[in-house]
Amino acid sequence: MDTIKMYIENLFRNLPETEAIARAKEELLAMMEDKYSELKTEGKSENEAIGIVISEFGNIDELREELEIGKQQQESKTASGTTTESKNEKSAEKPLKVISLAEAENFTEATVKFSKKIALGVFLCITSPVLLILLGGLHEMDGSVSEKTAAGFGILYLFVSIAFAVATFIINAVMFERYEYIKKEKFVLDEAAASYAGELRESYAPVFARNITIGVVMCILSVIPVICAGVVSGENENMLVVYAVLVMFAMIAIAVTIFITSGMKMDSYKQLMQEGEYSPVEKESTDFTEKIGSVYWPVIVAIYLGVSFLTGAWGITWIIWPVAGVLFGAVAGIGKIISSSAKERR
Amino acid sequence: MISSDGIRGYNDMIILYLIIRQESYGYEISKQIRDLSEGKYVIKETTLYSAFTRLEKNGMINSYFGDETNGKRRTYYKVTEAGKSYYAEKCGEWILTKEVVDRFVINV
């Protein structure tokens with residue numbers, strides 16, 4: 001029963017709080033609860049009953065038409081008594097893409113898979129030098145491995161790991177491209193998708209915090225083996241330090257894997273909810289900043305090359321780059337202020 | 001199962017029929033629609049509530065609160081005179097529509 005209450009709460013969350021809407025909420029809840037009770041007495045299980053009630057609920061947009069149009073009709077009463085299905089007045093803004101529950105689910109599942117692949121790639125990159133370190137250490141310490149063997153196998157492993165990692169990045173990035181629009185473009189979620197995304201976002205927040213904490217702690221603790229090995233070994237050079245370094249690499253690699261998988265998961269929820277940097281407002285200013293950038297940087301390059309060739313003072317003219325970088329921050333900031341005040345005036 | 005598009009114009013008529021027959025409340029009306037159609041039409045809660053709101057706004061039905069024995073406060077609906085004549089109108093419209101459309105139907 002609470003599931004049903006929560007379902008309705010979510011659907012009505014973003015609607016204005018008027019008397020008509022509150023009444024609608026109460027009545028719809030009552031109808032759903034009556035249906036639920038009857039299904040239970042018919043012998044359906046809890047899950048079955050809830051599932052049936054929710055699937056037969058319908059679309060909240062039907063109500064929108066009734067309740068919003070109702071306000072308009074009160075102002076301009078028509079003489080006819082017949083019911084007219086008035087069309088919803090669309091606002092003057094561009095129609096936004098609507099994302100359904102299915103699409104949102106696909107997105108989150110694809111993100112999870114994608115993040116794991118990327119994490120694997122990064123793990124390989126981070127651990128790519130380990131064989132080299134290990135064999136190099138063995139060679140240095142007790143000569144059990146020749147220099148050529150150490151270098152050969154170590155470097156071989158390094159390159160193979162990195163190649164594999166890069167291949168993973170490329171293949172998966174291409175497969176994930178179809179979801180880029182969620183990050184870049186503005187959109188609207190339908191009700192089912194909105195309540196789905198909202199719940200995931202909230203339930204994942206504590207898990208996310210916990211995971212990041214674990215990762216950070218691992219990074220901090222990763223140096224302890226090396227310190228201990230150094231202390232224990234003292235003046236003697238032995239394999240302990242090498243092993244400690246390998247352990248450090250492993251811990252860091254694992255921590256980064258956690259950052260990547262948890263971070264991307266959380267990011268995907270934020271993107272669906274259009275929070276923070278993914279909010280429509282931010283997306284607009286990002287567009288604007290990119291436009292400014294596309295003019296700004298070529299101009300800077302032209303100035304740099306022009307002055308440098310004319311004066312030959314390459315040793316000084318490089319200064320233009322850090323200056324231009326900081327200045328761009330100012331230009332972009334001004335651009336944001338102008339565009340947001342222009343919007344307010346509209 | 002009937003598509004909601006096909007039946008949209010006649011939801012009001014169906015609901016009025018039941019309310020004219022007997023004053024009733026939300027879920028009971030939904031249940032009667034399902035039972036009388038032998039499961040072929042299951043009306044959505046949102047569709048039903050929108051229809052109630054619309055019919056009441058246009059003066060076809062009135063709502064009142066009744067107390068059930070298990071303590072729940074239920075909204076009951078009853079028909080008005082305007083509602084009855086609107087119902088009759090819609091019945092006539094359907095009979096005409098059915099007759100016209102039937103001329104274009106091939107019974108396979």
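Which residues is B:Ile29 in contact with, leaving aside its neighbours within four places in sequence? B:Ile29 is in contact with B:Leu18, B:Ile19, B:Ser24, B:Leu48, B:Phe52 and B:Tyr77. I note here that the model is predicted.

**Entry: cores**

I went on to the nonpolar cores. The largest nonpolar core has 43 residues. B:Ile29 is among the residues with the most contacts inside this core, and so are A:Phe12, A:Leu28, B:Ile15, B:Ile19 and B:Phe52. I then checked which element gives the largest share. Helix H2 of chain A, residues 19-41, supplies eight residues to this core, the largest share. I also found a second, separate core of 21 residues. A:Phe114, A:Ile118, A:Ala193 and A:Ala194 are included in this second core.

**Entry: chain B overall**

I listed the secondary structure of chain B. I have five helices and three strands. From the N terminus, I read the order of elements as α-α-β-α-α-β-β-α. Chain B has 108 residues, and 41% of them are buried. I also looked at contacts in chain B with a separation of 6 or more. Residues 24 or more positions apart account for 52% of these contacts.

**Entry: H3 against H4**

At what angle do the axes of H3 and H4 of chain B cross? I get roughly 115 degrees, and the axes come within 11 Å. H3 covers residues 26-36 of chain B, and H4 covers residues 45-57. I note the crossing of H3(B) and H4(B) as right-handed. On the H3(B) side, the contact is made by B:Gly26, B:Ile29 and B:Ser30. On the H4(B) side, B:Glu45, B:Leu48 and B:Phe52 make the contact. By class, I have three nonpolar residues, two polar and one charged in the contact of H3(B) with H4(B). B:Leu48 and B:Phe52 also stand in my contact list for B:Ile29.

**Entry: B:Ile33**

I stayed on helix H3 of chain B, where B:Ile33 has its place. Is B:Ile33 buried or exposed? I count B:Ile33 as buried, because its relative accessible area is 4%, under the 20% cut-off. Not counting residues up to four places away in sequence, B:Ile33 touches B:Ile14, B:Ile15, B:Leu18, B:Tyr41 and B:Ile43. I took the separation from B:Ile15 too. B:Ile33 and B:Ile15 are 18 residues apart in sequence, and their C-alpha atoms are 8.0 Å apart in space.

**Entry: B:Glu38**

I moved to the loop between H3 and H4 of chain B, which holds B:Glu38. Phi of B:Glu38 is near 55 degrees, a positive value in a residue other than glycine. I noted this phi because most residues other than glycine have a negative one. B:Glu38 has a relative accessible area of 64%, so I count B:Glu38 as exposed.

**Entry: B:Lys90**

I found B:Lys90 in helix H5 of chain B, residues 81-102. Its relative accessible area is 12%, so I put B:Lys90 down as buried. Which residues is B:Lys90 in contact with, leaving aside neighbours within four places in sequence? I have B:Gly9, B:Tyr10 and B:Met13.

**Entry: cysteines**

How many disulfides are there over all chains? The count comes to zero. A:Cys125 counts as partly exposed, because its relative accessibility is 26%. A:Cys219 is partly exposed as well, with a relative accessible area of 26%.

Definitions and conventions:
Residues numbered from 1 in each chain as written. Chains lettered and ligands numbered in written order. Predicted model: local features only at pLDDT ≥ 70, side-chain atom pairs only at ≥ 80, totals over all residues. Heavy atoms only, no water. Axes fitted to C-alpha atoms, helices over the stretch in contact; angles between N-to-C directions. Helix = DSSP H or I, 4+ residues; strand = E, 2+ residues; numbered from the N terminus. Left-handed = near helix turned anticlockwise from the far one by under 90°. Contact = heavy atoms within 4.5 Å. Nonpolar A, V, L, I, M, F, W, Y, C, P; charged D, E, K, R; others polar. Core = buried A, V, L, I, M, F, W, Y, C linked by side-chain atoms within 4.5 Å. Buried < 20%, exposed > 50% of the residue type's maximum accessible area, 1.4 Å probe, protein only. Disulfide = S-S within 2.5 Å.
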